[in-house]
Amino acid sequence: MTARIAIKLRLYRGDDVAMGPGKADLLAAIHQTGSISGAARSMDMSYRRAWTLVDVMNRNFREPLVRSAVGGSRGGGAQLTAAGARVLARYRAMEAAALATAQAQLALLADELADEPAIEPANEPAQDGGTR
C-alpha cells in the first residue's frame, strides 16, 4: 500500500477560521462564476452558507476579499477584490509549500509504516495506566 499525505491549512484570527481550503475554493469559484450564488451552486453549497463564508472572510481581513453588487437590471454579481486575489494566491502558495515540505519527509516516515494493518486494534490504555 502506498503512503500518501493530505494537508488542510487553516488560518485563524481569534476563534474565526479566516481562510481555509473551503474558503479558498469558494474564492476561486466566485472568481470563475462572477457571483456568490453561481459559486455556491458549483460547489453544491447553499447560497446562505456561501454568503456566510464570504462575510467571515471579509470581516477578518484588513480589506474585503469579495465585493458584491445587488441584483437589478444589470443582474448583480460578485468579484474578488485585489486583496481577495492576493490572499487567494498567497494561500495557494502556502498550501503548495507545506505539501512540498511534507512530501519531502514522507518517504522517511512511510518506511516506518507496517506492510499490512494490524488484525486487531491495540488494547486501549486504562486511565490508571494499565490496559483494558
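Strands here are DSSP runs of E with at least two residues, and helices are runs of H or I with at least four, both numbered from the N terminus. I note at the outset that this is a predicted model.

**Entry 1: the chain as a whole.** I looked up the secondary structure and found four helices and four strands in the protein chain. Along the sequence they come in the order β-β-α-α-α-β-β-α. I then checked burial: of the 132 residues, 26% are buried. The chain exposes about 9700 Å², and 51% of that area comes from carbon and sulfur atoms. For contacts with a separation of 6 or more, I found that 49% join residues 24 or more positions apart.

Entry 2: I went to Ile5, which sits in the segment before strand S1 (11-13). Is Ile5 buried or exposed, or partly exposed? Its relative accessibility is 32%, so I put Ile5 down as partly exposed; the buried class ends under 20% and the exposed class begins over 50%. Ile5 belongs to a nonpolar surface patch with Ile7 and Leu99. Together the three residues have about 190 Å² of accessible area.

Which residues of H4 are buried? I listed Ala83, Gly84, Val87, Leu88, Tyr91, Ala102 and Leu106. In an α-helix there are 3.6 residues a turn, so residues three or four places apart point the same way. I then asked what the buried residues of H4 pack against. The partners are strand S2 (16-19), helix H1 (21-33) and strand S4 (77-80).

**Entry 3: Asp16.** Strand S2 came up as a partner of H4, and I picked Asp16 from that strand. With a relative accessible area of 27%, Asp16 counts as partly exposed, because the figure lies between the 20% and 50% limits. What does Asp16 touch beyond its neighbours within four places in sequence? I found contacts with Leu11, Val56, Arg59 and Asn60. I also checked Met57, which is 41 residues from Asp16 along the chain. The C-alpha atoms of Asp16 and Met57 are separated by 9.0 Å.

Conventions
Residues are numbered from 1 along each chain as its sequence is written. This is a predicted model: local features need pLDDT of at least 70, side-chain atom pairs count only at pLDDT 80 or more; totals for chains, interfaces and linings use all residues. Side-chain values use heavy atoms; hydrogens and water are left out. Patches are made of residues with over 30% relative accessible area and no salt bridge: like charges are joined within 9 Å, nonpolar side chains (Val, Leu, Ile, Met, Phe, Trp, Tyr) within 5 Å. Accessible areas come from the Shrake-Rupley method with a 1.4 Å probe; for residues, only the protein chains shown count as cover. A salt bridge is a side-chain nitrogen of Lys or Arg within 4 Å of a carboxyl oxygen of Asp or Glu. Buried means under 20% relative accessible area, exposed over 50%, partly exposed in between (1.4 Å probe, protein chains only). Contact means heavy atoms within 4.5 Å.
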